[in-house]
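Below are questions about how labels are assigned in a structure, each answered by setting a value against a criterion.

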Amino acid sequence: MNTVQPSAPADDWTVRRVLEWTIGYLKQHGSESPRLDAEVLLAYAWGCPRILLYTRYDDALPPEIRSRMRDLVRRRAAAEPVAYLVGKREFFSLDFEVTPAVLIPRPDTETLIVEALALLKGRTAPQVLDLCTGSGCIGISIARNARDSQVTAIDISPEAIAVAQRNADRLQVADRVRFLTGDLFAPLSDGTKFDVIVTNPPYVTTGELAGLSADVRLHEPHLALDGGVDGLDLLRTIIATAPQFLVPGGWLYLECSPEQVPAVIKLLEATSSYVNIDAIRDLSQQPRVVRAQCPSPSHADGIGS
């Protein structure tokens, strides 16, 4: 890999050697997962499954593959996210297209999917609303796994909606996922009701943006990150408005940072519009999702659920 590697005969650049050099180079340039980054980039440059690299360690790489890899490594060393370089990210065992118009899906957000699917199990044609859908990873994952569900997905960014629509088409759920462009609940007609509302809204505080890692700060859309001075701007609006769009007994699931969970619970309690409020831990055992139920008639009568 000529310009970014020590000089050596071209036929010495085997899969093993390219990976070893790239891992060291990316480690020096701040990658937190240099081995994974190197393998994903080389598999993409070569157009092969990542697993194939392990069986072809001693194969020499053709010049065109080395050239492609060299460009990818240079861009990754400049903090460009791997997901944007290869154009996709795995989430909930599905491959989602991602572009700089959408936030890169994080594993902790899978907690939302697990909880929503557990709630929807056994329900007939449940209606689901995915607010701030971005790549569509939440709503589409629910549609793929709750085969009877009907999902409405909303985002304020037309570019994000375009990405999400392509993901729905490719993952074969376009007939059950409706996409709307607008600010939170604004595109919905009066009287529209949902069994479940799920959302991963922007919740990074404005002051924290400057301290984010370079790959996030420089490349991911601030529109999908900035939640205002305390990070709760959109969460306040969602909490205040969601009861108008939930069926009696319907549920609201909110992702936020572990540090924000107590404040989010207080906001929910202050409305007097919810019951059964609690927090759910993510894969790292940190409180990540807050859920709350819209009272059903039985709650209003003091009978309980």
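Q: What makes helix H6 mostly covered?
A: In this predicted model, eight of the eleven residues of H6 are buried. They are Thr-111, Leu-112, Ile-113, Glu-115, Ala-116, Leu-117, Leu-119 and Leu-120.

Q: Why is Thr-111 called buried?
A: The cut-off for buried is under 20% relative accessible area. Thr-111 has 7%, so the residue is buried. Thr-111 is found in helix H6, and leaving aside neighbours within four places in sequence, its contacts are Ile-280, Arg-281, Asp-282, Leu-283 and Val-289.

Q: Which strands does helix H6 lie across?
A: H6 (residues 110–120) lies across strand S3 (127–131), strand S6 (194–199), S7, S8 and S9. Its angle to S7 is about 160 degrees. After the helix comes Gly-122, which has a positive phi near 85 degrees.

Q: Which strands lie at the edges of the open sheet, and what makes them edges?
A: The sheet has seven strands in the order S5-S4-S3-S6-S7-S9-S8, with mixed pairing. Strand S5 (177–181) and strand S8 (275–281) each have a single partner strand, so one side of each has no neighbour in the sheet. From one strand to the next, the twist averages 15 degrees.

Q: How do you know that the pairing in this sheet is mixed?
A: The sheet is classed as mixed, and individual pairs illustrate both senses. S3 and S6 are parallel, with four bridges, and S6 and S7 are parallel, with five bridges. Strand S7 (residues 246–255) and strand S9 (residues 287–293) run antiparallel and are joined by five bridges. Two bridges are needed for strands to count as paired, so the five between S7 and S9 meet the condition.

Q: Which residues stand opposite each other in these pairs?
A: Val-128 stands opposite Val-196 in S6. Ile-197 has Leu-252 in S7 as its bridge partner, and Trp-251 has Gln-293 in S9.

Q: What makes strand S6 mostly covered?
A: Six of the six residues of S6 are buried.

Q: Which strands does helix H11 lie across, and at what angle to S9?
A: Helix H11 (residues 261–271) lies across S7, S8 and S9. Its angle to S9 is about 10 degrees.

Q: Why does Leu-232 count as buried?
A: Its relative accessible area is 5%, which is under the 20% cut-off, so Leu-232 is buried. Leu-232 sits in the loop between helix H9 (214–219) and helix H10 (233–241). Apart from neighbours within four places in sequence, Leu-232 is in contact with Gly-227, Gln-260, Ala-263, Val-264 and Leu-267.

Q: Why is Ser-31 called buried, and what does its side chain contact?
A: Ser-31 has 12% relative accessibility, under 20%, and therefore counts as buried. Ser-31 is in the loop between helix H1 (15–28) and helix H2 (34–46). Its side chain makes a polar contact with the side chain of Asp-37 at 2.6 Å, and 2.6 Å is within the 3.5 Å limit. A polar atom of the Ser-31 side chain also lies 3.2 Å from the backbone nitrogen of Ser-33. Not counting residues up to four places away in sequence, Ser-31 touches Leu-26, Asp-37 and Arg-76.

Q: What makes the pair of Trp-21 and Tyr-25 stacked?
A: The structure holds five aromatic pairs. In the pair of Trp-21 and Tyr-25 the ring centres are 4.5 Å apart and the planes are at 20 degrees, under the 30 degrees limit, so the pair is stacked. Trp-21 and Tyr-25 are four residues apart in helix H1, which means they are separated by about one helical turn. Both Trp-21 and Tyr-25 are buried.

Q: Why is the pair of Phe-91 and Phe-96 called edge-to-face?
A: The planes of Phe-91 and Phe-96 are 70 degrees apart, and over 60 degrees counts as edge-to-face. Their centres are 6.2 Å apart, within the 6.5 Å limit. Phe-91 is buried at 1% relative accessible area, and Phe-96 is buried at 0% relative accessibility.

Q: How do you know that strands S1 and S2 pair?
A: Strand S1 (residues 88–91) and strand S2 (residues 94–97) share four bridges in the antiparallel sense, where at least two are needed. Lys-88 stands opposite Glu-97 in S2. The hairpin has two residues between the strands, and Phe-92 takes a positive phi near 50 degrees.

Technical notes
Residues are numbered from 1 along each chain as its sequence is written. This is a predicted model: local features need pLDDT of at least 70, side-chain atom pairs count only at pLDDT 80 or more; totals for chains, interfaces and linings use all residues. Side-chain values use heavy atoms; hydrogens and water are left out. Buried means under 20% relative accessible area, exposed over 50%, partly exposed in between (1.4 Å probe, protein chains only). Contact means heavy atoms within 4.5 Å. Axes are lines fitted to C-alpha atoms, for helices over the stretch in contact, and angles run from 0 to 180 degrees between N-to-C directions. A polar contact is a pair of N or O atoms within 3.5 Å; within protein, one must be able to donate a hydrogen and the other to accept it, and residues adjacent in sequence count only if both atoms are side-chain atoms. Rings of Phe, Tyr and Trp (its six-membered ring) pair if their centres lie within 6.5 Å; planes under 30 degrees apart count as stacked, over 60 as edge-to-face and the rest as tilted.
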